[in-house]
Amino acid sequence: INAILGSKFCPEGVVPTTTSINMLRFGEGEESGKTQRNKDYIEMFLPVDLLKQVTVVDTPGTNAIIKEQTKLTKGFIPQ
């Protein structure tokens with residue numbers, strides 16, 4: 001995701017680092033860089049032009065060791 005967005009916005013590692021549903025949306029000015037926690041997901045507002053046209057969703061893997069993370073992703077995908 002960081003490669004697509006052109007900067008390091010999301011944590012990276014050799015083991016999975018995403019533990020929640022993260023929706024990456026466009027934001028500029030005061031909104032840029034803000035994070036908003038909602039009931040089921042986290043919204044991150046980033047100053048990336050691509051996000052004017054699409055929302056990128058970062059989810060935990062479906063083969064995560066922590067089963068709750070797999071459950072989160074499988075519950076979100078149908079949406």
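Colleague: Which residues does E43 touch, not counting residues up to four places away in sequence?

Modeller: In this predicted model, E43 lies in strand β3. Leaving aside residues up to four places away in sequence, E43 touches M23, R25, K34, T35, Q36 and N38.

Colleague: Is E43 buried or exposed?

Modeller: The relative accessible area of E43 is 10%. A residue counts as buried under 20%. Because 10% falls under that cut-off, E43 is classed as buried.

Colleague: What joins the side chains of E43 and N38, and at what distance?

Modeller: N38 is among the residues that E43 touches. The side chains of these two residues, E43 and N38, are joined by a polar contact of 3.1 Å.

Colleague: With which residue does E43 form a salt bridge?

Modeller: The closest N and O atoms of the pair are 2.5 Å apart. A salt bridge requires a Lys or Arg side-chain nitrogen within 4 Å of an Asp or Glu carboxyl oxygen, so the pair qualifies. The partner of E43 is R25.

Colleague: How many residues apart are R25 and E43, and in which strands do they lie?

Modeller: The salt bridge between R25 and E43 links distant parts of the chain. R25 belongs to strand β1 (residues 22-26) and E43 to strand β3, and the two are 18 residues apart.

Colleague: Is R25 buried, exposed or partly exposed?

Modeller: R25 has a relative accessible area of 24%. Buried means under 20% and exposed means over 50%. Because 24% lies in between, R25 is partly exposed.

Colleague: Which other residues meet in a salt bridge?

Modeller: The structure holds two salt bridges, and one of them is formed by R25 and E43. In the other, the N to O distance is 3.4 Å.

Colleague: How many residues of β3 are buried?

Modeller: Strand β3 is mostly covered. The residues pointing each way from β3 are all buried. The count is five of its five residues.

Colleague: In which sense do β1 and β2 each pair with β3?

Modeller: β1 and β3 pair over five bridges, with L46 as the bridge partner of F26. Strand β2 (residues 35-37) and β3 pair over three bridges, and there M44 is the bridge partner of T35. The pairing with β1 is parallel, and the pairing with β2 is antiparallel.

Colleague: How many residues stand between β2 and β3 in their hairpin?

Modeller: The two strands pair in the antiparallel sense. They form a hairpin, and the number of residues between them is four.

Colleague: Which residues make the nonpolar surface patch?

Modeller: The patch covers about 250 Å². One of its members, L50, is placed in the loop between β3 (42-46) and β4 (56-58), and L50 is partly exposed at 33% relative accessible area. The residues of the patch are I4, L50 and V54.

Colleague: What pattern does the protein chain follow along the sequence?

Modeller: The protein chain has two helices and four strands. Of its 79 residues, 32% count as buried. Read along the sequence, the pattern is α-β-β-β-β-α.

Notes: Residues are numbered from 1 along each chain as its sequence is written. This is a predicted model: local features need pLDDT of at least 70, side-chain atom pairs count only at pLDDT 80 or more; totals for chains, interfaces and linings use all residues. Side-chain values use heavy atoms; hydrogens and water are left out. Patches are made of residues with over 30% relative accessible area and no salt bridge: like charges are joined within 9 Å, nonpolar side chains (Val, Leu, Ile, Met, Phe, Trp, Tyr) within 5 Å. Accessible areas come from the Shrake-Rupley method with a 1.4 Å probe; for residues, only the protein chains shown count as cover. Buried means under 20% relative accessible area, exposed over 50%, partly exposed in between (1.4 Å probe, protein chains only). A polar contact is a pair of N or O atoms within 3.5 Å; within protein, one must be able to donate a hydrogen and the other to accept it, and residues adjacent in sequence count only if both atoms are side-chain atoms. Contact means heavy atoms within 4.5 Å. Two strands pair if DSSP finds at least two bridges between them.
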